[in-house]
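User: I would like to learn how to read a model like this one, feature by feature. Where should I start?

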Amino acid sequence: MQTPIAVKMENSLVVAATKKKVCNHLPNDIVLFILSKLPLISLKRFLCVSKSWSLLFKNTYFMNMLRNNILLNDDSYYDETFMVRYTPKYSERCNFYWLSDEGFANSVHLDWPSQFQEDYIHIFIVGSVSINGILCLKHGFTRTSQVVLWNPTTSETKVIPPSPIENRRPDRNPWHFLHGFGYDHVSDDYKVIQMIEYFPGYQGDMIWEDRSYDPSWEIYSLKTNSWKKLDIDMQNCYYYSPLQGNGLYADGVFHWWAISKLKNIEECMVSFDFSEEVMCTTLMPLNTDGGFDVGYVERHLVSLNESIALISKYKKESTFCISVLAKLGERESWINLFTVGPLLSMEYSNIVGMKNNTLFYRRDGELVCVDLKTQMIKELGVKGDRFHFHVGKYKKSFLPIRGIIN
Amino acid sequence: MAQEASSSTSSKTISLKTGDGEIFEIEASAAKQMKTVQRLIDDLGDDITIPLHNVFSKELPKIIEYYKKDITGEITKDFEAEFVKDLNDDEVKVLFLAANYLDANKLFEFLSQNIADRLESKSVEYVRKYFGVENDFTPEEESKLREERAWSFRGIKEDE
């Protein structure tokens, strides 16, 4: 039997309990909590719900939750990190390592495949990720001399034969080769796409008008072991820096960041779909550079929780911004997610890769990383010379590199 | 009515009374997962039937079922999928509101993700109705916004 005191307490507690908002509609902060779990495209669509909802991406409370959710979903699919270290001395080769979480001291060096055992100094890993354990290696940046598929788990290699001369533009000198490597899930085929840019490079506006200098594109299929010309209309107004030229492969599509040689042409992302064999461009996000000095901005593409993200690093302000893309091809679908900095160590640095919410960059010739969740900076212990690096993601696979069986 | 004081809480059951007057039993360890219930127990004692004025007999048994599984560590993705399979969007919302009222964190998290998954491909009108949000755009403003974001509307059925 309840005592009078207990009844009093019960009543007051009941009153306190009912003061909690209970109606058929959810309180605002809870609505935001739910929304922060939605995919980016849905969020962009729901900006049309009402005026206050249209300001969703300016809501600090909401953005904190959204960022947390994006970072929380680690991509643990790739279990290893590779690192290529380039020396500034042109007499020394670059080296491949499995990068340990503890740092460089525990990293394991691996020899390049036999095709690259000679004095090769500039070996690049196309796409920054493995596809079924395969890495696509290319030697050289301008005038690439070799492209080789390599599975470092099984040591298997496949040399990609050079493309036929007929695919080239007659009367023009090839000077720059851009590559992409990917998997076409529709035809179950590995493909290598190659772009040839013709000399001269960026010497004034007049060359741009002359379409005969436009790059030519061709694609190699592992299944048929043959090249074929691609009909892609791309004007000769972009260039790709060596690291940007490595590009990013994700979900059957290859992406490069293209910077224009001409002032009136905006930077964009160029993306090639290996199944459809079509190219599309996505202009850079609006308002991303904000008040930052774009004099020495560096752009880098990474994948962040199944989306493509653009990292823009502003040298002057030692700050970087990350924008994530909701829909390929749609400029409006970029969402400015983070601004990190100013970071004391970032001024003279280059972004070299990203894995599991950790951004790797080069600072004074050393490899450093920052965890985006905690913003903790860690030095990885590569001491000495002013190296340059490329860091990427790898997943072991024992599958053979399949090709046509003759 | 004399109640036996039990020395351990693990086998003790708590009586909960819903807003529509029905009584349900829950194990004390499960009650601990619902912070509101635990607070009421702490203040009223565990011998008394705890009144839950804002939870009703339709939702409470479901919530109890969830936490029964939780204390035995049996909550799996399959269980969670089954748990919400036969609920429509409004029923999930009511359940979610109850979890919020009860401060039942794990269920709250799970249901919030489930609601987000359900709303992912829904139309703007549906979301307005669901959250009770009024459209304060003029027709011109709205059609301009939709045009700007046409790519986000592809494949979405407008009358859902």
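**Confidence, sheets and salt bridges**

Analyst: Start with confidence. Chain B has an average pLDDT of 89, and 92% of its residues score at least 70. This is a predicted model, with an ipTM of 0.89 and a pTM of 0.85.

User: Where in chain B is confidence lowest and highest among the helices, and over which residues is the pLDDT below 50?

Analyst: Helix 1 (residues 28-31) of chain B has the lowest confidence, with a mean of 90, and helix 6 (residues 105-119) of chain B has the highest, at 96. Over residues 1-9 of chain B the pLDDT is below 50, and this stretch has seven contacts in the model beyond near neighbours in sequence. Where pLDDT is low, the predicted coordinates should not be read in detail.

User: Next, sheets. What is the strand order in the open sheet of three strands in chain B?

Analyst: The general idea is that strands of a sheet pair through backbone hydrogen bonds, either parallel or antiparallel. In chain B the order is 2-1-3, and the pairing is mixed. Strand 2 (23-27) and strand 3 (50-52) of chain B are at the edges with a single partner strand each, so one side of each has no neighbour in the sheet. From one strand to the next, the twist averages 35 degrees.

User: How many bridges join strand 1 to strand 2 of chain B, and what packs on the sheet?

Analyst: Five bridges join strand 1 (residues 13-18) of chain B to strand 2 of chain B, and the two run antiparallel. B:Ile14 is opposite B:Ile26 in strand 2 of chain B. Helix 3 (residues 60-71) of chain B packs on this sheet and touches strand 1, strand 2 and strand 3 of chain B; its direction is at about 10 degrees to that of strand 2 of chain B.

User: How is the open sheet of four strands in chain A paired?

Analyst: Its order is 17-18-19-20 and its pairing is antiparallel. Strand 17 (297-304) and strand 20 (334-340) of chain A are the edge strands, each pairing on one side only. The twist here averages 25 degrees from one strand to the next. Strand 18 (residues 307-314) and strand 19 (residues 319-325) of chain A are joined by six bridges; A:Ala309 has A:Val324 in strand 19 of chain A as its bridge partner. Helix 4 (residues 60-72) of chain A lies across strand 17 and strand 20 of chain A, at about 90 degrees to strand 20 of chain A.

User: Now salt bridges. Which residue forms a salt bridge with A:Lys51?

Analyst: B:Glu141 does, with the closest N and O atoms 4.0 Å apart. This pair crosses between chains, from helix 8 (residues 139-148) of chain B to the loop between helix 3 (40-46) and helix 4 of chain A. B:Glu141 is partly exposed at 32% relative accessible area, and A:Lys51 is partly exposed at 38%.

User: What does the salt bridge of A:Glu266 and A:Arg331 tie together?

Analyst: Their side chains meet at 2.6 Å, N to O. A:Glu266 is in the loop between strand 14 (253-260) and strand 15 (268-273) of chain A and A:Arg331 is in the loop between strand 19 and strand 20 of chain A, so the pair ties together parts 65 residues apart in sequence. A:Glu266 is partly exposed, with a relative accessible area of 36%. A:Arg331 counts as buried because its relative accessibility is 18%, under the 20% cut-off.

User: Are B:Arg128 and B:Glu142 buried or exposed?

Analyst: Both are buried. B:Arg128 forms a salt bridge with B:Glu142, with 3.1 Å between the closest N and O atoms.

Conventions. Residues numbered from 1 in each chain as written. Chains lettered and ligands numbered in written order. Predicted model: local features only at pLDDT ≥ 70, side-chain atom pairs only at ≥ 80, totals over all residues. Heavy atoms only, no water. Pairing = 2+ DSSP bridges. Axes fitted to C-alpha atoms, helices over the stretch in contact; angles between N-to-C directions. Contact = heavy atoms within 4.5 Å. pLDDT = per-residue confidence, 0-100. Buried < 20%, exposed > 50% of the residue type's maximum accessible area, 1.4 Å probe, protein only.
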